[in-house]
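Hello,

Here is the structure for you to look through. My notes follow below it.

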Amino acid sequence: MKIRSAETLVTSPGRNFVTLRITTDDGITGLGDATLNGRELAVASYLRDHVVPLLIDRDAARIEDTWQYLYRGAYWRRGPVTMAAIAAVDTALWDIKAKAAGMPLYQLLGGASRTGALAYGHASGRDVPELLDSVRAHLAKGYRAIRIQTGIPGLDSVYGVAASSAAGGERYDYEPARRSTTAVNRPVEEVWDTRAYLRHLPNVFEAVRAEFGPELPLLHDGHHRMTPIQAAKLGKALEPYDLFWLEDATPGEDQAALRLIRQHTTTPLAIGEVFNSVYDYTTLLGERLIDYVRSAVTHTGGVTPMRKLLDFAAVYGIRSGLHGPTDISPVGMAAALHLDMAVHNFGIQEYMQHAAQTLEVFRTSYTFTDGLLHPSDTPGIGVTYDDDVAATFPYEPAYLPVNRLKDGTVHDW
Ligand code: KDG
Ligand code: MG
């Protein structure tokens, strides 16, 4: 089973996506997600110019060897562009192998360890009443775990907070790349104040717990904006509200920062959506500084290294919480769901739900029932790509916002 062709597909049905489609000489196709929000074309070029020519005539069954060839063989290892490109190849080859076997991918990964993957959704509000409405709307949609993001008094807008009420229940307006596009195509700049955030957040969780009680798993994303001591203070302040996790408290590069946070709080910690290799985790896992691994299959080199990473985490009793915002395509999402089904140390899966336009291009078979996701038993990863619909949504440049403090200093994400 040789690789006959590999196509790099770029489309923008609601937001930009880069997809690799590999076709074998016996006509089996596989899909892989290579979307890197705000830097999409860099990965498309890496694939088209440097990877696709190497794939033609390779044995499609040799997934590990192809991964090592692209990773070790390039000399320049790691980094989000390289690892997103390798992820797309790896995922597409797993899709092909599972289709050739006539099985859903999770069967090749060892079979189901559970009936479905607990998903969490994104509730947000500019103020507490709007947030409570958003939580209710998510519960009505079937979510059984909910991330809480909130506007901050004195700040005009806050990343991750929908620009209008989500109470209608059908709006998926946490679309950072799209809303940051300006006429001259520069990122929108937002103003941030960490002290105001630290003062406000415990009151918000107090209100959410008062309304919804102690059972509902609640999560929060700090988007890398705190110093270690600020994060320690927040973790402590949130202990009465029993969070499922506090995510990305500090900038991702600094693994040692998690030591300080850990010394001060029992709030569970999650990090890793901007990581792209197991080497970003060695201190974190080896010293048990986190509770959940947040990487995306799409940005970490694919199914092959993600399985190894989760097995490494399992040694330390650390669980998965794979990244699943709408800038992970339905292909990347489906790949994550197969891993969620198979690994023993599954924790939770992020699930924002893609826009209707996105799902016209990417036809998915995964399901969401009673708060649980299931990848379906369709052979492969269970997603198809509609070229005709995709062609009606050409690429549109778009960036994530940039964050500044009140005095104009560029701040961490
Ligand atoms: O592209 C950036 C988004 O994927 C990220 O900001 C979303 O933080 C995020 C999350 O937890 O889903
Ligand atoms: Mg996050």
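Start with ligand 1: one of its oxygen atoms is 2.4 Å from an N or O atom in the side chain of Glu 350, which counts as a polar contact (a pair of N or O atoms within 3.5 Å). Taken alone, ligand 1 exposes 320 Å², and the protein buries 93% of that; the areas come from the Shrake-Rupley method with a 1.4 Å probe.

This is a predicted model, in which local features need pLDDT of at least 70 and side-chain atom pairs count only at pLDDT 80 or more, while totals for chains, interfaces and linings use all residues. Residues are numbered from 1 along each chain as its sequence is written, chains are lettered from A and ligands numbered from 1 in the order written, and side-chain values use heavy atoms, leaving out hydrogens and water.

Two further side chains place a polar atom by an oxygen atom of ligand 1: Glu 273 at 2.8 Å and Arg 294 at 3.0 Å.

Glu 273 also belongs to the metal site. The magnesium ion (ligand 2) is coordinated by Asp 221 (OD), Glu 247 (OE) and Glu 273 (OE), at 2.0 to 2.1 Å. Donors here are N, O and S atoms within 2.8 Å of the metal (3.2 Å for Na, K and Ca); water is not among the atoms, so the site may look incomplete. Along the chain, the donors follow the spacing D-x25-E-x25-E.

Are Asp 221 and Glu 273 buried or exposed? Both are buried, meaning under 20% relative accessible area (1.4 Å probe, protein chains only).

Regards

Key:
Buried means under 20% relative accessible area, exposed over 50%, partly exposed in between (1.4 Å probe, protein chains only). A polar contact is a pair of N or O atoms within 3.5 Å; within protein, one must be able to donate a hydrogen and the other to accept it, and residues adjacent in sequence count only if both atoms are side-chain atoms.
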